[in-house]
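Grab a pencil and have a go at these exercises. Each one comes with a worked solution.

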Amino acid sequence: MAVFSHTSTIHLSHSPARTDQRVLLVEDNEDNRTIYSTVLRYLGYEVIEAEDGVRAVALARSELPDLILMDISIPGMDGWEATKVLRADPTTRAIPIVALTAHALADDRKRATEVGFSSYLAKPIEPNAVVAEVRRWLGNGESPTRTGG
């Protein structure tokens, strides 16, 4: 089941542009993965996809994306643990990681900050909100905005 309404309208305020910025999308729901990756690719981002935490960690280490969109409830290694692993690794600790999760309680947000997520989007998440968050971290095709960690 997709996390947004079928009547959603996606408003793309910028035309597609080529960029060398790469986003690792970690999402076990195929519909969500397809929707988010399609919109991001349309906007010129390269999208790398993972369905579970183990693969997400491996891809983050090998591909060094500019941003990671991480679902929390994923098979194998959940998003909490995957983020802890990535934050402990000097090669991946500076990559911004955005939580995409149905865990929307105040304690979940606090835990996300403690674990090392850069920001947090609570499901259901409209594609426009995902795009806005990616642009917040990466801009509209400019060089990546990474913070040390």
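**Exercise 1.** Find which side chain makes a polar contact with the side chain of aspartate 89, then decide whether aspartate 89 is buried or exposed.

*Solution.* Start with the partner: the side chain of aspartate 89 makes a polar contact with that of arginine 61, at 2.7 Å. (A polar contact is a pair of N or O atoms within 3.5 Å; within protein, one must be able to donate a hydrogen and the other to accept it, and residues adjacent in sequence count only if both atoms are side-chain atoms.) Next, the place: aspartate 89 sits in the loop between helix H3 (79-88) and strand S4 (97-101). (Helices, H or I with at least four residues, and strands, E with at least two, are DSSP runs numbered from the N terminus.) Finally, aspartate 89 counts as buried because its relative accessibility is 13%; buried means under 20% relative accessible area, exposed over 50%, partly exposed in between (1.4 Å probe, protein chains only).

This is a predicted model, where local features need pLDDT of at least 70 and side-chain atom pairs count only at pLDDT 80 or more, while totals for chains, interfaces and linings use all residues. Residues are numbered from 1 along each chain as its sequence is written, and side-chain values use heavy atoms, leaving out hydrogens and water.

**Exercise 2.** Work out the strand order of the open sheet, and find its edges.

*Solution.* The five strands run S2-S1-S3-S4-S5, with parallel pairing (two strands pair if DSSP finds at least two bridges between them). Strands S2 (46-50) and S5 (119-122) are the edges: each has a single partner strand, so one side of each lacks a neighbour in the sheet. Now zoom in on S3 and S4: four bridges join this parallel pair.
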